[in-house]
Amino acid sequence: MKIKLTTLAIAFVLAAMPSIPALAYPTGQAPTLSLSASGRLTPGQSVSATIARVKPGCPVSISWKNAAGISAVSGTSAANGNTVLTIASPAISGTYVLTTSAISAECAAGAAAVTLTSNVSFGKIATITTKIATTNVSVKKKPVISVTATVKSGTALIKSKSITVDLNLAGKKVKSLKVKTDAKGAFTAKFTGIAKAGKYTAVVTFTADPMYDAAKVTTKALTLK
Amino acid sequence: MVALVFFILYGVIRITLMFVSLQGAIGEVQSLRAAVQNKDLGEISRGLGKAADSIAMADSSASDPIVQLFGFVPIIGGDIRTASIVSSDGRFVLQAAQEVTHVANQLVKSGVGKKPITDRTLVSSLREGMGALDSAVQKLNTDLASVDEAGLHFGLDSKIKTAKEVVASLAIASSRITPLVQVGTTVIEQPEKKRWFVSIQNLAELRGTGGITGAYAVISTENGKLKLEEYGSDKRLLQIGRIDYKNYPQELRKLWGADLSDWRDINVSAHAPYSAQMLADGWQQNRGKRVDGVLFIGQGVVSQLSGAVGPIDARGVVVDKDNAVEFLSKDIYARFTNVQTKDAVVGELASEMFKRLIAGKVSVSGLFAAAANDTTGDRILAWSRDKSTQQVFSKYRVSGEISQSFGPNVAVTLNNAGGNKLDAYTTLKASYSLGVCNVDTFTGYQGRRSRVTLDLSNNSPKSGLPAYVDMRLDTDFGEARPKGSNRELMTVYGPVGSEAESITVDGAPGFTINGMDRNRPLWIFDLNMLPGTTKKIVLNLVEPINDDNDEKLSGKPSLQGPVMLNAPSLNSSSTGECSLQ
């Protein structure tokens, strides 16, 4: 062990000792976009943002990249390099990109020109547990493919919500049904008229609303002969 | 009645045997002193073997259910239980120690490090043996700590008090040396030629993996033989040029941007494999040579080696295991204000240390003593381009990975954003507690509340520091910047699927740079730290208790603190397991 430690240590020490007083250099010099929102928000809840480390007197604005109908908010960086802005948020759940206007190299206080972005998520996430089954694996015996699912978010069952169920054959949509979840957050979609053999999957889609973010789940494959 | 007499008689005999065997084991260990002084690994191994045999007999008695029943007898029950702990735990310690010294002796005889490895299993045995020894020592330490020596008799009280102190020191030393051995043996056993970049970090200026790279070494290994290819300072790295980081994960680039292209900031991420791979890629991009692995070490490791080689005198300053960290982190800047002189001093120190190491003037007991006294929060981190080797590093928890798995895991790192050496005065007290159940997360899971509390302190003096230590290189936006002030970027990784209900800095709602990395939410705090002040950050989280397969998550909360000069105070707790509904 003595020799092993020695040999390894040689390399470490040789390099370590002559240069422990290293050159100093600060991390994080570029402008930053910080938010008051630290988790998922309720749709419609406004968002406060601080754009920091921008040369005083520079114009800065924020806007939503993928949300229509909400105006950009503008300001000017203060003496401490900060610009604090508050912007309205979309009414429908989802993840939206909050973006700053382009900050020039001059305004970025020596750092490169930059446009800052931050993803902000609204609404709860729904989880969908699915099963796909058939009355018969032979297409000659007029099988009925049923897709059952439960939609919930945590312990909350999501009731009376519209769900789209697409039946795909070899990845291509062949049929589609619209269903609603019951009081237990469950539904069953039954597909009839299945004439072709092959691998079937179902795609269950939950459209975003003011409460829940969009969700999409694909079932396991079901092979009919 | 007769049965009762036999029962008592049997118990007394077994207990007597236990104490006698235990005494024999202690005697064998004490007789090892001469072998230790002579650095005779073979003799140490044989002596440990005898001690292990004796303690195995004591353990046999201690494991006897009748003896265990006597542990409930008033007055002497505590003595019996304590002897039982020492017998059982001590047996594993001695057996593991015997195995480690036996294997080490064989490795030394085979000329490992100088000659090709002839028996690869020896190297892996040493690695596994050190792991087993460390586990045994930690268990003995934990169990001994629970013993109240005030209730012991027959002189056991003073012996256990001493044993507690010795074992506590041994546990610290073992926890520090074991990772070094695990990494060292993994590096040395590579059969094909591998090139390793060693990042020598200065923990007085913090980065995600520890500190700014102050120096580097490039070593190659091939079937047990080591060769130093090159070493140099960060000045030399800067001359090499910037690093192309455009192919790294978008989130990483979004979080740290241009910092990733600079050798001085390349290790800002808390996920060490990112930093390691960028160092390796940067070397290859600019020097055209493939790097197969990267090791990160700091002043803590250097202080341990200082203990191994003994005190060194350099221009009137004696550097030893007791002052190496303090000297290399703080005192050197005050003592040698001329940069060239300062560099010459450390060069002389390195040269002398190197000579002693080459000459084999190494004290294993000195290494252990230095490791036991090392109060830094330094730890070695290792990365390999080879997936199977990386799995080995990951298994030994030296990979510095941010886990992508579900579970109650929080990680904290710090990056110096002031451009100075003030992190020699930075301390962190962190706690992570799991709280009430039956709360859904917004992210769609059944969850529970948890809280992360971070007290970050800048303990630097307000005057008297050399300019090189307390300078500010970050852009001045007119904020108060008295001498000793600093700026820190604190990154907190929440558990997978968690979210923050609220975040406060010193009681007020905090603005954070939000992101996702490695499937985990993270928050970066940009903190201006005046000297002598503490910032309190509180994150109130809701985190999942089930995963994507609706499987219940269990396990104790894990809080991974930063690699930093002053070891962080970390504490985690839980109100108990939550049930899925």
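A: The answer begins with the sheet, then turns to the domains and to a pair of helices. The model is predicted.

In chain A, three strands form an open sheet in the order β1-β2-β5, and their pairing is antiparallel. β1 (32–35) and β5 (83–87) of chain A stand at the edges; each has a single partner strand, so one side of each is left without a neighbour in the sheet. From one strand to the next, the twist averages 25°. Thr32(A) has Ala52(A) in β2(A) as its bridge partner.

Chain A is also divided into domain 1 (30–122) and domain 2 (127–224). The centres of these two domains of chain A, taken over C-alpha atoms, are separated by 39 Å. Where the domains touch, five residues of domain 1 of chain A are in contact with seven residues of domain 2 of chain A. On the domain 1 side of this contact in chain A, three residues are nonpolar, two are polar and none is charged.

In chain B, helix α11 (residues 299–309) packs with helix α12 (residues 324–335) at an angle of about 135°, and their axes are 8 Å apart. The two helices, α11(B) and α12(B), are therefore oblique to each other. Among the residues that meet are Val302(B) and Ser306(B) in α11(B), and Val325(B) and Leu328(B) in α12(B). The residues of this contact between α11(B) and α12(B) comprise four nonpolar, five polar and no charged.

Technical notes: Residues numbered from 1 in each chain as written. Chains lettered and ligands numbered in written order. Predicted model: local features only at pLDDT ≥ 70, side-chain atom pairs only at ≥ 80, totals over all residues. Pairing = 2+ DSSP bridges. Helix = DSSP H or I, 4+ residues; strand = E, 2+ residues; numbered from the N terminus. Axes fitted to C-alpha atoms, helices over the stretch in contact; angles between N-to-C directions. Domains from an automatic or database assignment. Contact = placed C-beta atoms within 7 Å. Nonpolar A, V, L, I, M, F, W, Y, C, P; charged D, E, K, R; others polar. Parallel < 35°, antiparallel > 145°, perpendicular 65-115°, else oblique.
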